[in-house]
Amino acid sequence: MDLAPPRTVGVLIGLLLLSPVMILVAIAVKLGSRGPVFYRGKRVGKDERIFDIYKFRTLEVDAEKKIGARLLTEGDQVYPPIGRFLKQWKL
């Protein structure tokens with residue numbers, strides 16, 4: 001019987017401990033704005049390999065269509081209230 005590597009065990013423990021927080025954040029995102037709970041985006045990694053990233057949605061649905069693909073400024077009105085909180089607290 002093979003034992004899981006220590007890193008895998010650590011990840012599973014972390015996921016177990018953080019799952020209540022993740023559930024609360026998911027509920028808050030769903031109640032705070034319309035659209036999906038998660039955002040999927042493309043990122044470029046090592047050796048310019050493209051990969052998908054999944055994170056809690058902090059902007060309105062179709063925000064890029066409204067403001068274009070650029071960095072956000074303080075005055076941009078594309079954050080739902082829960083999105084601002086999630087960004088501020090890095091959730």
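1. Let's start with the largest pocket: 22 residues line it, and Tyr39, Leu59, Glu60, Ala63 and Glu64 are the ones nearest its centre. Two elements, β1 (38-44) and α2 (63-67), each give two or more residues to this lining. The largest share, four residues, comes from α2. A pocket here is an open set of points on a 1 Å grid over the protein atoms alone, where a 1.4 Å probe fits, with protein on both sides within 12 Å along at least five of seven lines; lining residues have an atom within 4 Å of a point. Helices (H or I, at least four residues) and strands (E, at least two) are DSSP runs, numbered from the N terminus.

2. Please keep in mind that this is a predicted model, where local features need pLDDT of at least 70 and side-chain atom pairs count only at pLDDT 80 or more, while totals for chains, interfaces and linings use all residues. Residues are numbered from 1 along each chain as its sequence is written, and side-chain values use heavy atoms, with hydrogens and water left out.

3. How much space lies in the largest pocket? About 570 Å³, where a volume is the space filled by probe spheres set on grid points joined across faces, edges and corners. Its lining divides into eleven nonpolar, two polar and nine charged residues. For these classes, Ala, Val, Leu, Ile, Met, Phe, Trp, Tyr, Cys and Pro count as nonpolar, Asp, Glu, Lys and Arg as charged, and the others, Gly among them, as polar.

4. The second largest pocket has a volume of about 150 Å³. Its lining is made of Leu72, Thr73, Glu74, Tyr79, Arg84 and Lys87.

5. Next, look inside: Val25, Ala26, Val29, Val37, Phe56, Ile82 and Leu86 form the largest nonpolar core. Such a core is a set of buried Ala, Val, Leu, Ile, Met, Phe, Trp, Tyr and Cys residues joined through side-chain atoms within 4.5 Å; buried means under 20% relative accessible area (1.4 Å probe, protein chains only). α1 (6-32) gives the most to this core, with three residues.

6. Which residues does Phe56 contact, leaving aside its neighbours within four places in sequence? They are Met22, Val25, Ala26, Val37, Phe38, Leu86 and Leu91, with contact meaning heavy atoms within 4.5 Å.

7. Finally, β1 pairs with β2 (residues 50-56) in the antiparallel sense over seven bridges; two strands pair if DSSP finds at least two bridges between them. Arg43 has Phe51 as its bridge partner in β2.

Methods: Buried < 20%, exposed > 50% of the residue type's maximum accessible area, 1.4 Å probe, protein only.
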